[in-house]
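Here is a friendly set of notes to read with the model open beside you. Take the points one at a time, and find each residue on screen before moving on.

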Amino acid sequence: MSAPVCIIGTGYVGMACSLGLAELGWPVHGYDISPERIDRLRRGIPPYREPGIEESLRKHIDEGRIHFFDDIHAAASGARIVIVAVGTPARDDGSADLSALRAAIDQLATVAFANWPTIVVRSTVPPGTSDKLAALVEQWADLIYAPEFLREGSAVSDFLNPDRLVIGCEQPSAAVAYVNLLERLQKPVVFTSRCNAELIKSCSNAFLALKISFANEVANMCDTLGATSDDVLRGIGYDQRIGSEFLRPGIGFGGPCFEKDVKSITHVADQHGLGKELFAAMLRVNDAQPFRLIDILAYEMRSLAGATVGIWGLAFKAGTDDIRDSLALRIVDELGARGVRMVVFDPAVRVAPLPPGSRMVTSALEATQADALVVLTEWPEFARIDPLSFARNLRRGIVVDGRNVLDSERVAAAGLTYRGVGRAPRRVPQTTALTPAVEV
Ligand code: NAD
């Protein structure tokens, strides 16, 4: 029996690592500072909703491949590899709060390891962080930096099917044990320095966020010019140098990663006297986007105060119940501040902090008992609801689709006013009519 891999932190990344490694056949010890979380995990209850996570957890607990610990000594002492996946949220000044990571390393320093361990930091950190941590632990461990690129909503399958593995280490020998763990994935490996690996992660997220802000700016231009962002962005995205991924307009990038990672890299640029204009502009565009949607709603409704608005979606993206830094919540807060009452439905989110007078409901149709409907998360099931089934419920007949997830023509055919993001009424024939052979 091989030595267990110890995973510190049982959040989105920690659980994906735990279940992914168990799937690859490795014994896993999960540890978290939250005893309640460990207690639930031992009973097979996952800390959040993800497709397949519950079944996978149950299977690996039953087969004895995963054990959960509330004692770091018991969890880590027999391990040769310790993966650290604790949170690194943004501080008020935009810098990354590394206190949980530092606390985890300090706790590990008290463990009597049976073997010389390799600590693999997988949390997202600013450049320079893991070199400092490596110096702290050099008397008792190697430390490498291996960023994680998974997406919530497909976390375990992303862990098992990454585009690449990035491994930052100063001595290749320190990475051997970790590479062996993931050898079966047969993926390209970028071996590089720890600082380079940190930059690869932060700048990858910054680039994805840039594409979203770019798409939003294009869509806003389309709105003003009477153009259609679906066609414009599709036409841009077919260019293989650009690609269509993340080139979708909406309410902006939310969630626990993009905003904090862009803020963190902006902070680093600032600290080193480097240009931060591009990053700062992305954040400005992103901060403004939710207000654009509110402006559209206010324009269509003439007056917001006293209105009841149905909300479809609170999660920061489809496929997850994560509402951390969700821009949907920011929009809900702002609407509440403007005197709007909301009837809110999200297929995965059951409880959320809502403004006074607003409430969660348990079906999408119940949330249409309102003056207007606003779509804030791109759940595919919303697109499958026939607009005729709720057209009569909407007293003012207004639908604002902040994710361009609904079929605008079907909504309009149901007698409703439809507004999307960059989806002005069409003035020219659809480009699809001209190029059916390459349509996907
Ligand atoms: P999370 O908040 O979901 O989970 C963090 C876990 O760590 C929590 O369960 C917390 O109780 C635990 N923890 C905190 N301090 C601890 C300590 N000292 N010892 C043991 N456990 C401790 O975080 P997450 O979303 O999994 O993100 C973790 C890191 O991975 C962050 O740096 C994040 O930026 C990065 N990341 C996240 C994603 C994502 O999609 N969520 C993707 C890639 C990278």
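This is a predicted model: local features need pLDDT of at least 70, side-chain atom pairs count only at pLDDT 80 or more; totals for chains, interfaces and linings use all residues.

1. Let us begin with a term: helices (H or I, at least four residues) and strands (E, at least two) are DSSP runs, numbered from the N terminus. Residues are numbered from 1 along each chain as its sequence is written, and side-chain values use heavy atoms, with hydrogens and water left out.

2. Is alanine 90 buried, exposed or partly exposed? Its relative accessibility is 35%, so alanine 90 counts as partly exposed (buried means under 20% relative accessible area, exposed over 50%, partly exposed in between, with a 1.4 Å probe and protein chains only). Not counting residues up to four places away in sequence, alanine 90 touches Ser95 and Lys260 (contact means heavy atoms within 4.5 Å). Alanine 90 and lysine 263 are 173 residues apart in sequence, yet 7.4 Å apart in space, C-alpha to C-alpha.

3. Serine 264 belongs to helix α11 (residues 258–271). With a relative accessible area of 10%, serine 264 is buried. Leaving aside neighbours within four places in sequence, serine 264 is in contact with Gly94, Ala96 and Pro126.

4. Now look at the strands. Strand β4 (residues 81–84) and β5 run parallel and are joined by four bridges (two strands pair if DSSP finds at least two bridges between them). Valine 84 stands opposite valine 121 in β5. From β4 the chain crosses through helix α5 (residues 99–108) to β5, in a β-α-β crossover that is right-handed (with the strands pointing away from the viewer, the path from the first strand over the helix to the second runs clockwise).

5. On to the next strand. Four bridges also join β5 to strand β6 (residues 142–145), and these two run parallel. Here valine 120 is opposite isoleucine 144 in β6. The chain gets from β5 to β6 through helix α6 (residues 129–137), and this β-α-β crossover is right-handed.

6. Which way do the side chains of strand β5 point? In strand β5 (residues 118–121), Thr118 and Val120 point one way while Ile119 and Val121 point the other way, and all are buried. In a regular strand the side chains alternate between the two faces of the sheet.

7. How many aromatic pairs does a search of the whole structure find? The search finds seven (rings of Phe, Tyr and Trp, its six-membered ring, pair if their centres lie within 6.5 Å; planes under 30 degrees apart count as stacked, over 60 as edge-to-face and the rest as tilted). One of them joins phenylalanine 253 and phenylalanine 258, edge-to-face at 6.2 Å centre to centre with 75° between the planes. Both phenylalanine 253 and phenylalanine 258 are buried.

8. Why is the pair of tryptophan 312 and phenylalanine 382 stacked? Their ring centres are 4.9 Å apart and their planes are at 25°, so the pair is stacked. Tryptophan 312 lies in strand β9 (residues 308–312) and phenylalanine 382 in helix α14 (residues 380–383), so the pair ties together parts 70 residues apart in sequence. Tryptophan 312 and phenylalanine 382 are buried. Ring pairs link Trp312, Phe345, Phe382 and Phe390 into a cluster.
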